[in-house]
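Subject: Structure handover

Hi,

Here is the structure for you to look through. Please open it alongside this email.

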Amino acid sequence: FNDTATTEIYTRSIVGSVRCVQETVSTQSTWGQLIMQKIFSKRTFSKYILAIDQGTTSSRAVLFNSECKIVDLQQKEHKQITLQPGWVEHNPLEIFGSVTNCISQLLDRVGKTKQIKPNDIACIGVTNQRETTVAWSRKTGLPLHNAIVWLDTRTSGLASQLSSLHNCDPNYFKKTCGLPIHPYFSGLKMRWLIENSPDVKEAAKKGDLCLGTIDSWLIYNLTGGQVHATDVTNASRTMLMDLKSLKWDQSICNEFHVSPSFLPKIHSSSQLFGNVSSKFTNISGLPITGVIGDQQAACLGHLLQQGEAKCTYGTGCFVLLNTGKQIVQSANGMLTTLCYQLGENEAPYYALEGSVEMGGASLLWAKKNLRLFEDYDESVSYTHLRAHETSLHLVCRLLLEKKK
């Protein structure tokens, strides 16, 4: 891949689709060649891979050929629900609807223009916005509350409360899960939903509650409610998974008031998760073979070796450093997280991560709230201005604090 803005966007999708294809094309390893043969021999005419990239502001369906080149794509934005300052929600039904809509439009178009049929597709992969949390009924499959987005800060009070129980140490669980006690992560969002949403609380009492990140919500719906699963990278962003065992940690779950029975089964990033339900006729029966969080997918897309790092500029900005098979605890505020696990019997790889929540979202704020420009391309002009030529300075943090 060339390191350009365009390919960076699609890198996340391609690796989320079928990581084993990336392994084959990039390294030509014996293991990769065997996986390639296994995938494409199952369907005699299979030449393509369908990727789902579900992001913070939009969903994408991207079709790749067996050489990992983009054939076509479809994208659809979804609403940002801000009920009060610091709260950001998504409608889970709109999220899933945007995904299926993108898939339908994409396959319809390539069918007409390129004569590509559904049975030409080998498998599906999913990459997703991380930490965003969904609660739904196991019985009906319907959401019980809007999804709480990773940017949401409503659990700040819960974070302080939990930290105070452990000598005000925000890193109390860090040796186990790699993450500090912070509203950013899914565990506190799950606890908030159980304690504050009547429908979620009732479902929890009846044992009818499913909790998960966006990937598990998509998998559950695509498989017709047959599979409640996630991968190690997404699970590592909840604060509830032990980095060594790659299992839900019962003691941490107890502290967060989240029963492991509500949570999805943890898989590796590259294995069979399930098959698409027959009710989705255009992709019925297709296997879902790759699932990975968006930032980790970008690491694989750039083929990061141990000691190498990447920075992704999107809604936020994220630097990830591949630390190999070693769990490294940072003394400088970096997060310890899963980088990937490429097969259920393969060793996990870990990473250090530095996150900036407001990246591209700052441009969105400047466009919609300050109305500094109508098109994002216009924002480039501000980078050419010298300090003495303008008195305009965007200090988002100070403005937000002043607004509070």
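My notes on the sheets, the helices and the cavity follow.

This is a predicted model: local features need pLDDT of at least 70, side-chain atom pairs count only at pLDDT 80 or more, and totals for chains, interfaces and linings use all residues. Residues are numbered from 1 along each chain as its sequence is written, and side-chain values use heavy atoms, with hydrogens and water left out.

**Sheets**

Six strands make an open sheet in the order 3-2-1-5-12-11, with mixed pairing. Strands here are DSSP runs (E, at least two residues), as are helices (H or I, at least four), numbered from the N terminus. Two strands pair if DSSP finds at least two bridges between them. The edges are strand 3 (70-77) and strand 11 (270-275), each pairing on one side only. Strand 1 (residues 48-54) and strand 5 (residues 121-128) run parallel, joined by seven bridges. Tyr48 has Ile121 in strand 5 as its bridge partner. Helix 4 (residues 92-113) lies across strand 1, strand 2 (58-65), strand 3 and strand 5. Its angle to strand 3 is about 145°.

Another open sheet has four strands in the order 13-14-16-15, and its pairing is antiparallel. Strand 13 (309-313) and strand 15 (335-340) are its edge strands. Seven bridges link strand 14 (residues 317-324) with strand 16 (residues 349-356). Asn322 has Ala351 in strand 16 as its bridge partner.

**Helices 7 and 8**

Helix 7 (residues 186-196) packs on helix 8 (residues 198-206) at about 95°, with the axes 5 Å apart. Axes are lines fitted to C-alpha atoms, for helices over the stretch in contact, and angles run from 0 to 180 degrees between N-to-C directions. The two helices are therefore roughly perpendicular (65 to 115 degrees). Leu193, Ile194, Glu195 and Asn196 of helix 7 meet Pro198, Val200 and Lys201 of helix 8; contact means heavy atoms within 4.5 Å.

**Cavity**

The whole structure has one cavity of 30 Å³ or more. A cavity is a set of points on a 1 Å grid, over the protein atoms alone, where a 1.4 Å probe fits but cannot get out; lining residues have an atom within 4 Å of a point. The largest cavity holds about 40 Å³ of space, a volume being the space filled by probe spheres set on the points. Its lining includes Met190, Thr213, Asn234 and Trp248. Strand 8 (209-213) and helix 10 (232-235) each supply at least two lining residues.

Best wishes

Technical notes: Angles under 35 degrees count as roughly parallel, over 145 as roughly antiparallel, 65 to 115 as roughly perpendicular and the rest as oblique. On a 1 Å grid over the protein atoms alone, a cavity is a set of points where a 1.4 Å probe fits but cannot get out, and a pocket is an open set with protein on both sides within 12 Å along at least five of seven lines; lining residues have an atom within 4 Å of a point.
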